[in-house]
Amino acid sequence: MSQYECIVCGWVYDEVKGDPENGVAPGTKWEDIPDGWLCPDCCVGVEDFEKLEGTDEPTDAESVAEEEHKNDKPIVVIGSGMAAYNLVKEFRKADKETPVIIITGDDGRNYSKPMLSTGYTKDTDDKALAMADAGTMGKTLHCSVWTMTEVTAIDTDKQQVTVGGATHIEYSKLVIAWGAEVIRPPMDGDALDKVFSINDLMDYANFRAAVKKTKAKKIAIIGGGLIGSEFTNDLINGGFETETIDPMGYSLPTLLPEAAGKSVQEALEEKGAKFHFGPLENGDFGPVATAVNNTETGVEVSLNNGVKIAADLVVSAVGVRPRIALAEAAGIKVNRGVVANRLLETSAKNVYTLGDCAEIEGHVLFYVAPLMAGARALAKTLAGTPTEVSYPAMPVTIKTPACPVVVSPAPRDAEGEWDIEQDGRNVVAKFVSPEGKLLGFALTGEGTKQKMALQKELPAIMA
C-alpha cells in the first residue's frame, strides 16, 4: 500500500494505518478518502499531498552504473532545507547514480519549516519536528550531506565552491538553495542576546532552550505580519502571554485588507494577545521597538512612542529576505533574489537556484508550493530533460487557528480594488481588476471554505 506526503508540513498518510482519529479507517486507499478530509497537522486538503516513491534495493545493473559514475564531478547543492532535499528526492527518481553533495551550515535535519510556528500548539520540540537526521537523509537520497559547513566562495569559471575558506569542491552543476535570512531590526540595549529569530530548526531549539532556562511566561513579538501572527497564535496556545509590536495598523497588513486583518487581530485578542499597532496620533507609522534592555525580572522593550513593555524574552519576526551576498560576490546576477530564468538557470553557466533565495522571472515567493514546483522542474533539467517551471495560482494557508486565513496575493503593482463581504470575522475579500477579473483574494473564518471555488477563477502566477 502507498504513502502520501503533505507538501506543506511533511505529514505522511499511510494507507495501511489510515487516519482513524479523523474518520479514515486503516486500509483506506488514497482515492477513497472522504471529501473534506484535511491534513491533521496543517489542515490543507488532498490536493496538497504527493505520493511517496518506494525505495527498492539496487539491482545488479544499478550497482554497475553506480560504479561507472563514482568518479564523475558531483552536483553540489548548497542548503538542506525543503528546497534542497525535495530537489534531490525528485532528481533521484530519474537519476540514481550521479553523485550529489549537499552542503549545509546547520545540522542537516529534515523538517517542515512551516511547522516551526506550531511547536507550542502541538507541544513538540525540535527533535519531534525533525523527520530525519542528515545521515538518514544521505542514505535515503544516496548522497553526501556535509553538515555545519560554510560555503565561503563560488568560482563559476573553475566550477568549484570553497568551504571553510580552504577546501575546494569541483561541481558539474551547482544549485544555490540556501534560503532566506531574517531581517534584523536596528535596536540598542544590553539584552539583544535575548532577542530570538526563528528561521530554522536550530533557531527553534535555541529558543525553546532559552524559554526553559528563563522559565519564560511572557514573550514580546516584534512584527505583526505572517510570521509574527503565527507565532502570536502558537505561543498563546502554549500558555504564554504575548505583546506584539508593528508600525502598521492591524495583523497581516501586507497580505490582508483591513477588514480581514482586524478579524484576525480581534480573534487573537480574544485569546489574550495584546497588540501595539499604528498609526501614531500624528498620522505617522506606528510603534517601533528601539531598544531591549535587561531588568531584574527579565527584559524591557522600549518603543519609539515612549511605551515600555516588560517581558521574559523577545521574538523578532519582522520578516525574511533572500540570501544573495555570496552569489553577488561570485558575479552571479542578483536583484531582490538570485536572478534566474524559468529553467532556474542563473547568469552563470551550470549554476541554478531554487527556493526562498531565488527570483524567477521577477517572482520571489516564500511559500512551499512554488518551492515544490521548482524542485520538480529543476530535477528534470538536471537529469537531462530541460523543463521550465510554471506557477499556477497557489493560495497560502496561514496558521492562525484562532481565525483561519487563506490568501492568494495579487501580483505586485496590480491595478484593482478590494470587493469585501463580511459577516463578523468571516471575510471574503476579492481583489478585482478594473476589467472585473479576479486577481487575488483574502479569506478568514468560514470564508476560507470558498478557497477552491475562487482558486479556479485566478490566473496563473506564471503559466
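Asn350 counts as buried because its relative accessibility is 19%, where buried stands for under 20% relative accessible area, exposed for over 50%, and partly exposed for the range in between (1.4 Å probe, protein chains only). The model is a predicted one, in which local features need pLDDT of at least 70, side-chain atom pairs count only at pLDDT 80 or more, and totals for chains, interfaces and linings use all residues. Residues are numbered from 1 along each chain as its sequence is written, and side-chain values use heavy atoms, with hydrogens and water left out.

Asn350 is found in the loop between β21 (338-340) and β22 (351-353); helices (H or I, at least four residues) and strands (E, at least two) are DSSP runs, numbered from the N terminus. Its phi is near 60 degrees, a positive value in a residue other than glycine. Most residues other than glycine have a negative phi. Met148 also has a positive phi, near 50 degrees. Met148 is placed in the loop between β6 (144-146) and β7 (151-155). With a relative accessible area of 51%, Met148 is exposed.

The side-chain contacts come next. The structure holds 16 salt bridges, a salt bridge being a side-chain nitrogen of Lys or Arg within 4 Å of a carboxyl oxygen of Asp or Glu. One of them joins Lys399 to Glu230, with the closest N and O atoms 3.3 Å apart. Lys399 lies in the loop between β24 (396-398) and β25 (405-408) and Glu230 in helix α6 (residues 226-237), so this pair ties together parts that are 169 residues apart in sequence. Both Lys399 and Glu230 are buried.

Arg425 and Glu270 form another salt bridge, at 3.1 Å from N to O. This pair, too, links distant parts of the chain, 155 residues apart: Arg425 is in the loop between β26 (417-423) and β27 (426-432), and Glu270 is in helix α7 (residues 258-270). Arg425 counts as partly exposed because its relative accessibility is 29%. Glu270, at 61% relative accessibility, counts as exposed.

In a further salt bridge, the side chains of Glu446 and Lys449 meet at 2.6 Å, N to O. Glu446 has 45% relative accessibility and therefore counts as partly exposed, whereas Lys449 is exposed, with a relative accessible area of 66%. Elsewhere, salt bridges link three residues, Asp107, Arg109 and Asp126, in a network.
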